[in-house]
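Have the viewer open and follow along by residue number.

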Amino acid sequence: MNLTDLKKCMRVAILDELDHKNLDLDVPYFANCPSTTEMLAVFIWNNIQKHLPKGKYELYEVKIHETENNVVIFR
């Protein structure tokens, strides 16, 4: 995937949805589930999938580094 297209996809799917927001109050997805790092990884996976060109690319994993020693991987 072209890096420019990937950057746009990530901006729309992640930054526009989550940046400078209170997850529990401002993101409807988290009204029905806890805003844990694990659930955040699932949310990001689902949003990226929606914005990838259909049938052209397959998402492999979402990795979130919460701290230096705390990492969540969703595949």
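## Ground rules and layout

Helices (H or I, at least four residues) and strands (E, at least two) are taken as DSSP runs, numbered from the N terminus. On that basis the chain has three helices and two strands, and reading along the sequence gives you α-α-α-β-β.

Keep in mind that this is a predicted model: local features need pLDDT of at least 70, side-chain atom pairs count only at pLDDT 80 or more, and totals for chains, interfaces and linings use all residues. Residues are numbered from 1 along each chain as its sequence is written, and side-chain values use heavy atoms, with hydrogens and water left out.

## The chain as a whole

Of the 75 residues, 28% count as buried. Here buried means under 20% relative accessible area, exposed means over 50%, and partly exposed is in between (1.4 Å probe, protein chains only).

Contact means heavy atoms within 4.5 Å. Among contacts between residues at least 6 apart in sequence, 37% join residues at least 24 apart. As for charge, the chain carries 9 positive and 11 negative charges, and their mean positions sit 10 Å apart. Lys and Arg count as positive and Asp and Glu as negative, while His and the chain ends are not counted; each charge is placed at NZ of Lys, CZ of Arg, CG of Asp or CD of Glu.

## The nonpolar core

A nonpolar core is a set of buried Ala, Val, Leu, Ile, Met, Phe, Trp, Tyr and Cys residues joined through side-chain atoms within 4.5 Å. The largest one has 18 residues, and those with the most contacts inside it are Leu 18, Ile 44, Ile 48 and Val 62. Helix 1 (3-18), helix 3 and strand 1 (62-65) each supply at least two residues of this core. Helix 3 gives the largest share, six residues. In soluble globular proteins, nonpolar side chains tend to be buried together.

Now click on Leu 18. Setting aside neighbours within four places in sequence, Leu 18 is in contact with Leu 23, Val 27, Leu 40, Phe 43 and Ile 44. Over in strand 1 you'll find Ile 64, which is buried because its relative accessible area is 16%.

Is Asn 47 buried or exposed? Asn 47 lies in helix 3 (residues 37-51), and it counts as buried because its relative accessibility is 6%. Not counting residues up to four places away in sequence, Asn 47 touches Ala 13 and Glu 17.

Met 39 is also found in helix 3. Met 39 is partly exposed, because its relative accessible area is 25%. Leaving out residues up to four places away in sequence, Met 39 touches Tyr 29, Phe 30, Cys 33 and Pro 34. Met 39 and Val 72 are 33 residues apart in sequence and 9.7 Å apart in space, C-alpha to C-alpha.

## Out in the loops

His 20 sits in the loop between helix 1 and helix 2 (23-26). Its relative accessible area is 78%, so His 20 is exposed. The backbone is worth a look too: His 20 has a positive phi of about 60 degrees although it is not a glycine. Most residues other than glycine have a negative phi.

Glu 58 belongs to the loop between helix 3 and strand 1. Glu 58 is exposed, because its relative accessible area is 76%. The C-alpha atoms of Glu 58 and Phe 74 are separated by 14 Å, with the two residues 16 apart along the chain.

## Cysteines

How many disulfides are there? A disulfide is a pair of cysteine sulfur atoms within 2.5 Å, and by this rule the count comes to zero. Cys 9 is buried, because its relative accessible area is 5%. Cys 33 counts as buried too, because its relative accessibility is 16%.
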